[in-house]
Amino acid sequence: MESLSTETVDIGGAESIDDVMQKVAEHKGCGTSGGSGKASCGTAAGENDLPQEIWDKVKNHPCYSEEAHHHYARMHVAVAPACNIQCNYCNRKYDCANESRPGVVSEKLTPEQASKKVLAVASTIPQMTVLGIAGPGDPLANPEKTFKTFELIAATAPDIKLCLSTNGLALPEHVDTIAKYNVDHVTITINMVDPDVGAQIYPWIYWQHKRIYGREAAEILTQHQMRGLEMLTERGILCKVNSVMIPGINDKHLVEVNKAVKSRGAFLHNIMPLISSPEHGTVFGLNGQRGPTAQELKALQDSCEGEMNMMRHCRQCRADAVGLLGEDRSAEFTTDKIMAMEVTYDLESRKAYQTKVEEERLKVAAAKNAELATLAGEDNVDIKILIAVATKGSGRVNEHFGHAKEFQIYELSTHGAKFVGHRRVDLYCQGGYGEEDSLDTIIRAINDCTAVFVAKIGGCPKNDLVKAGIDPVDEFAFEFIEQSAITYFKRYLDKVKTGEIEHKERGDATLRQGAFITA
Amino acid sequence: MTYKIVASQCTSCSACEAECPNVAISEKNGTFVINPKKCTECIGYFDVPQCVAVCPVDDTCVIDNSLPRYQAAGGAA
C-alpha cells in the first residue's frame with residue numbers, strides 16, 4: 001500500500017479509494033482479510049477476496065483486475081520472437097495485420113526501439129500503466145532482449161508496471177532475474193498437470209539442447225511450470241495462470257489444474273477458449289479441433305470460481321497490442337512513426353490524468369453500490385439473466401450498436417451485475433458481406449443474452465434483435481453499466497412477478513476470436 | 001555438409017541464432033541465413049544440429065547439398 005500511495009486519491013479528505021473499494025467489496029459479500037481489516041474483490045465480483053497488498057498491486061492493472069480494465073490500458077512490446085516449445089494451437093507462420101491473437105505481431109522490435117515506443121505510447125495514452133512482454137515467442141527464451149527492455153524502461157518510465165507472460169519452461173532459471181528487475185506480475189500458461197494430457201497439446205519442447213517429444217516433454221514442462229510458480233510465490237511476485245480450454249482434451253482436466261495452481265499460490269486463473277480456425281494453419285485448426293461454446297466456457301469458469309478468482313475479461317491479444325483491452329491502437333505506433341516522434345516523458349501530467357480516472361472509478365463504484373442497495377429483499381429470487389453491453393470503456397454504456405467491435409457480457413442476479421465475459425463481433429476480413437450477415441453474426445454472438453445495452457441503435461437492427469428475442473435497450477445511453485444493469489434487472493423481476501413476461505433460459509452463443517473469415 | 005535455412009519457410013523468430021554454437025547464423029534482409037563456412041552441423045558440440053532442433057517450422061533448417069563441394073563428392077548421400 002505504501003509503495004503505491006501516490007495513486008491513492010483522497011475523497012473529501014477522509015476516504016481513500018481503498019476505503020471506498022472496501023465498502024464496495026463488503027457490499028458484494030466479500031470477506032475481510034484479517035490484519036489490515038480491509039478487503040477487496042480485485043478481479044471481478046466473486047466470493048473470494050484478495051489480501052490488501054495484492055489488491056494494491058493489481059488495482060490499476062487491466063490484465064489482472066476486471067474493474068481496472070475499463071479504465072487503464074496496457075501495451076505489449078514484441079521483443080521476444082524465439083520460442084522453446086511447440087503448441088498445437090500456435091502457428092508462427094501465420095501473418096495478417098487484422099489478426100488478433102497471441103503469437104502474432106506486425107513487426108519485432110529491438111529493446112531500444114521498444115523503450116522508445118513505450119515512452120511514445122505513455123505520453124499519448126496517459127492511462128497506459130502496464131508494459132508487458134508476451135512474445136510473440138516466449139520472453140524467457142529471449143532473456144537478454146527481455147531483460148534489457150525492462151532495464152531501459154525502468155530507467156526512463158519508472159511508474160510503469162512491468163510484466164511478462166511465459167510458458168514456464170525456462171522460468172525456474174530466471175526467477176531471480178525477474179525479481180531483480182522488479183517485474184511483479186508474471187503470467188504462466190498452464191494447460192495441464194498430467195503429462196498424458198500434455199502430450200496431446202505440446203508435440204515437443206526444446207530443452208538442454210535437445211528436442212524432447214510427447215509425454216516426456218510434457219512431464220518436464222509441467223515440473224518446470226509448477227516449480228517456477230512456487231518460486232515466484234516465495235518471492236512475493238504476483239502470478240496469474242492462463243489456461244487454454246480445449247474441449248475433449250483438457251476441459252475437464254482444467255479443474256485439476258485450477259487446484260494445482262491455487263495450492264502453489266497463483267492468485268488469478270484465466271481460462272481462455274481455444275482459438276482454432278483452419279485459416280490459422282495450427283495443428284488444432286487443421287485437424288478440426290473445436291473451441292468451446294460460450295456456455296461451456298462459462299460453466300467451467302463458474303465451476304472453478306469457488307476455488308479462486310477467475311479472470312473473464314482476457315481478450316487474448318496480440319504480442320504488440322496497445323490500448324485498452326478490447327481496442328488495439330498498435331497501428332498508431334509503428335516503428336517508423338515512433339522513431340519520428342519527439343517524446344518528452346511527463347510524469348506529472350500522467351499522474352494528473354490518472355487522478356481523474358480514479359475519480360471516475362469511484363463514481364462507477366458508488367453508483368453501483370447505491371443501486372445494489374435497492375435490490376435488498378429480493379434474495380429469495382433465483383433468476384439470472386445475461387445482458388450484452390456496447391461500451392468504449394470508463395464503465396459506461398457509451399458505444400453505438402453498429403460501431404461495437406465487441407460486447408461485454410454481464411450476469412444479472414439479486415447479487416448484482418457481474419462481468420462474465422465478452423464477445424467479439426468485429427467484421428474485418430469479411431469483405432463483401434452485407435449488413436444482414438453482420439447482424440446475424442452479432443445475434444449468434446449474444447444469443448444467450450436477454451438484452452443488449454447500447455448508446456444508440458438504428459430501427460432495422462432493433463427489429464431484428466426483438467425478433468431474435470433480445471431486448472435492445474438504449475435508455476441507459478452514457479450511464480454507468482452496472483447501475484443501469486441493476487435497474488433493468490429490477491424491472492425484469494417486477495415484470496416476471498406480475499406475469500407480464502415469462503422468464504426463460506436463453507440458448508447458447510458462439511465464441512469467436514481472431515480474424516473472422518466466412519467460409 | 002552444412003545446413004541452410006529455407007527462406008520462404010523462415011518466420012524470422014531468431015531462435016536458431018542464439019543456439020548456434022558456431023555463431024554461424026545471422027539476420028539478412030528480414031530472414032536468417034547460415035554461413036556455410038562456419039556451420040559444423042554442431043558436430044563436436046551437440047548430438048543434434050541446434051537450428052533444426054529449435055526451429056518451429058519443420059524442414060526449414062535443412063542440409064544444403066547444392067554446395068559445389070558436396071556435388072563433387074557425389075551429391076546428397
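**Close-up views of a predicted two-chain model**

**View 1. Strands S12 and S13 of chain A form an antiparallel pair.** Strand S12 (residues 385-389) of chain A pairs with strand S13 (residues 406-413) of chain A in the antiparallel sense, over five bridges. Strands pair here if DSSP finds at least two bridges between them. Strands (E, at least two residues) and helices (H or I, at least four) are DSSP runs, numbered from the N terminus. Leu386(A) has Glu411(A) as its bridge partner in S13(A). This is a predicted model: local features need pLDDT of at least 70, side-chain atom pairs count only at pLDDT 80 or more, and totals for chains, interfaces and linings use all residues. Residues are numbered from 1 along each chain as its sequence is written, while chains are lettered from A and ligands numbered from 1 in the order in which they are written.

**View 2. Five strands of chain A make an open sheet.** The order is S14-S13-S12-S15-S16 (chain A), and the pairing is mixed. Strand S14 (416-424) and strand S16 (471-473) of chain A are the edges; each pairs on one side only. From one strand to the next, the twist averages 25°.

**View 3. Helices H12 and H15 of chain A cross at roughly 15°.** The axes of H12 (residues 347-373) and H15 (residues 481-498) of chain A come within 7 Å. Axes are lines fitted to C-alpha atoms, for helices over the stretch in contact; angles run from 0 to 180 degrees between N-to-C directions. H12(A) is therefore roughly parallel to H15(A) (angles under 35 degrees count as such; over 145 is roughly antiparallel, 65 to 115 roughly perpendicular, and the rest oblique). Ala367(A), Lys368(A), Glu371(A) and Leu372(A) of H12(A) make the contact with Glu482(A), Gln483(A), Ile486(A) and Thr487(A) of H15(A). Residues are in contact if their C-beta atoms, placed from the backbone, lie within 7 Å. By class, this contact has three nonpolar, two polar and three charged residues.

**View 4. Chain B touches chain A.** Here 14 residues of chain B are in contact with twelve residues of chain A. On the chain B side, helix H1 (15-19) and helix H2 (50-54) of chain B are the elements that give two or more residues. H2(B) gives the most, with three residues. By class, this side has nine nonpolar, four polar and one charged residues.

**View 5. Two stretches of chain A have pLDDT under 50.** pLDDT is the predictor's confidence in each residue, from 0 to 100. Residues 428-435 of chain A have nine contacts beyond four places in sequence. Residues 515-519 of chain A have twelve such contacts.

Note on methods: Ala, Val, Leu, Ile, Met, Phe, Trp, Tyr, Cys and Pro count as nonpolar, Asp, Glu, Lys and Arg as charged, and the others, Gly among them, as polar.
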